[in-house]
Amino acid sequence: MHSATVTETRRVVYDDATVRGFVWASVIWGAIGLLVGLVIALQLSFPFLSFDTSWLTFGRLRPLHTNAVIFALVGNMMFAGVYYSTQRLLKTRMASDLLSKVHLWGWQLIILGAAVTLPLGITQSKEYAELEWFLDIAVVLVWVAFAVNFFWSLAIRNEKNLYVAIWFYISTVLTIAVLYIVNNLSLPITGTKSYGVFAGAQDALTQWWYGHNAVAFFLTTPILGIMYYFLPKAAERPIFSYRLSIVHFWALVFIYIWAGPHHLLNTALPDWAQSLGMLFSLMLWAPSWGGMLNGLLTLRGAYHKVRTDPVLKFFVAGVTFYGMATFEGPLLSIKAVSGLAHYTDWIIGHVHSGALGWNGFMAAGMFYWLVPKLYGTKLHSTKLADYHFWLGMIGILIYVAAMWVSGISQGLMWRAETADGGLQYTDWSAMLNSQQMMYYVRSIGGGLYLVGWLLMAYNLVVTAISGRAVTVESEVSVTRTEVAPGEPSTLGILGSKPVVISVIGMVAATMFAMPSIGLAVLGLVLLLGVVAFAAGMLFKSTHQGRHTWHERIEARPLAFTLLTLLAVVVGGVYELLPGLVTDKAVPLAANGEMCVKPYTALELTGRDIYVREGCYVCHSQMIRPFREEQLRYGAPSRIEESMWDHPFQWGSKRTGPDLARVGTKYNEAWHWDHMQNPRAVFPASIMPAYPWLYGDRADQAIAGDKMAVLKKLGTPYSDEQLQAAVADYKGQAATVVGNLASQGKTGADPDSEIVALIAYLMRLGRNLEPVKGQASLQGGK
């Protein structure tokens, strides 16, 4: 039985003003983000470029650079592409002009807020999630406005089936909302300070579940959607394979969400979580390369255009960089390779090949195609666009190559041993400075890329000036289909055989990671098998006629959205839930006291200063179970050592050495001198000085408030400790000042920030008393 159809014609006026706004925001913020990146690259060769100024240090500017590139350059470019293509693919204007404006200007205000707060040290210190709680709320509200507008537009669409680009947009809107909210759950202390609800290993697992999938669903899936729309448009060819796009989409959104733990290989994270992340990361090779090939093979019969069309040059290069990055990512997720590469410059090269090679080139290609159409004119200069391409290509290639050489050299030098079993390289500054030539090359590469971006900005501005903003009106044919009797409902589609069988497969796959619940899972699989059989008998009609099952769900946005949400959430639940619900086992010493005691009021204040200054950007606090790391730093880190850390400080880069045991290595006077003038301690050091810490006073009054919030989150502070917080602070500060005086550093102000920071640094590595038992804290937070 066939469905009845009715065809009518409608006039649609597209909202391209919002698209223009996002395009120019991406171009402007992108230039700023790239400039900041060049400055911090130069600071690694010329540390005086921080000018002894707090808001110009590497630790404060590096989060600004990453946020500007991810959320300002790529984010605005992504929104421009989504708004432009969604309206054309759905044959309708976005549902609400007001929500579009809220999204456009709200997002720019958030970026402006980040540009102000991050250099001021107002940060959560979680990679790609540094923004504090008040900006997090703004992000959620603006994202909700975007999501409502997007799904509302789906509901009023004039095109029945959803094209593949829309599938990827749906996955982005849903998954980023889940990721951002869960990872940024926190309790505020003041208007600019909060503590996340997770701590230690739980926080690490949650953070990299978010961090990895922010790359997946903010920097990858929406840009793939843009590829699926703009590349065929520019090449004037249909997408190579519709079937491959189906496999690409579903495999990618399901597998990607599991791979976060590969950022924590060889750490104190439980082995099952590490193995899970490594396995699914290796599986990502297939769908990622499927998408790359689908994009490149779309150019069959049109490769000759690449020689003369700068748009296709950028698209082809961008998709190729996507293939390179998604080959290198799984490679780096292998434990042995990660053991060499993690914490080194190799990771920096990998990240930039994706962000600048994949995202940056796709952005440039889209802008060169889009801006002339938005202003009803031709591109001002194809030659300038070609110059941009070659400057950007040469720049990113020498950047990545330099980081490969530097990173592999660092990994090998860290583990090199002498014939008698000692470390061959013991001087950290000497090892770091042996790579200075590569740092110069990195800066040159970044500079070339920035010059190319500025050429593009000039080219686009002149193009826009030569035309005028156009309002596009289009006559669209609307086909209304009346559902015939016997057609399956949305619920029927969700209960159909393909869905049920897929669920069975997902549940069975989880048995690998969680054998302890194998019997329960096996029972669930058998139950679902019965349901699948019943569903197959009930919904046989889903395969009748010329329509495939997937075409049916493409015509049902609600069903498609729910299935996408299922594919995404199942991995997150299985990855995070075991670690979050497990009670914390607190090791006890022989006298019955906790081996890992919560931070004192002074140490907690010092830790917050450590976070504010971005010390985590260059230093890890995680000694891996490798012989060379034990020789260099001490005993491997234990999972319980960071159990009270809100947020965790395991780090992801070692520009400086690991600090997990630094409190047992140096005295207070050493830290005093090192923070005041690092080159007085290590002449070749590239660390900036922190002179403001010696004059600025720490806020003692809120120490008790901080401890009270942490108590709500599960840290075992007593009421007496909270009441005596300020007194204890003063008492320990006096002790630190006394130790400094005995070591020849007289006149220290006990209220200064440097005293609090020294107290925290002296605490690191002092939780190593023999373990005699365990106590369990309920709640696991």
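1. A term to start with: patches are made of residues with over 30% relative accessible area and no salt bridge, where like charges are joined within 9 Å and nonpolar side chains (Val, Leu, Ile, Met, Phe, Trp, Tyr) within 5 Å. Here, Phe-46, Phe-48, Phe-51, Met-437 and Tyr-440 make a nonpolar surface patch of about 540 Å². Areas are Shrake-Rupley values with a 1.4 Å probe, and for residues only the protein chains shown count as cover. Met-437 sits in helix α16, residues 436-466, and counts as exposed because its relative accessibility is 53%. For that scale, buried is under 20% relative accessible area, exposed is over 50%, and partly exposed is in between (1.4 Å probe, protein chains only).

2. Housekeeping: this is a predicted model, where local features need pLDDT of at least 70, side-chain atom pairs count only at pLDDT 80 or more, and totals for chains, interfaces and linings use all residues. Residues are numbered from 1 along each chain as its sequence is written, and side-chain values use heavy atoms, with hydrogens and water left out.

3. On confidence, pLDDT (the predictor's confidence in each residue, from 0 to 100) averages 89 over the chain, and 87% of the residues score at least 70. Residues 530-547 fall below 50, and that stretch has 22 contacts in the model beyond near neighbours in sequence. Residues 770-781 also stay under 50, with 46 contacts beyond four places in sequence. A contact here means heavy atoms within 4.5 Å.

4. Now the overall make-up. The chain has 29 helices and six strands; these are DSSP runs numbered from the N terminus, with helices being H or I of at least four residues and strands E of at least two. Of its 781 residues, 61% count as buried. The accessible surface comes to about 29,600 Å², and 67% of that belongs to carbon and sulfur atoms. Among contacts with a separation of 6 or more, 83% are between residues 24 or more positions apart.

5. Strands pair if DSSP finds at least two bridges between them. The hairpin joining β2 to β3 runs through two residues, and Pro-188 has Ser-194 in β3 as its bridge partner.

6. Salt bridges next, meaning a side-chain nitrogen of Lys or Arg within 4 Å of a carboxyl oxygen of Asp or Glu. The whole structure holds 28 of them. In one, Arg-88 pairs with Asp-16, with the closest N and O atoms 2.9 Å apart. Arg-88 is in helix α2 (residues 58-90) and Asp-16 in the loop between β1 (4-13) and α1 (17-43), so the pair ties together parts 72 residues apart in sequence. Arg-88 counts as buried at 16% relative accessibility, and Asp-16 counts as buried at 2%.

7. Another one to look at is Lys-745 with Asp-673, where the closest N and O atoms are 2.7 Å apart. Lys-745 is partly exposed at 23% relative accessibility, and Asp-673 is partly exposed at 25%. Finally, a network of salt bridges links Arg-60, Arg-612, Glu-613 and Glu-753.
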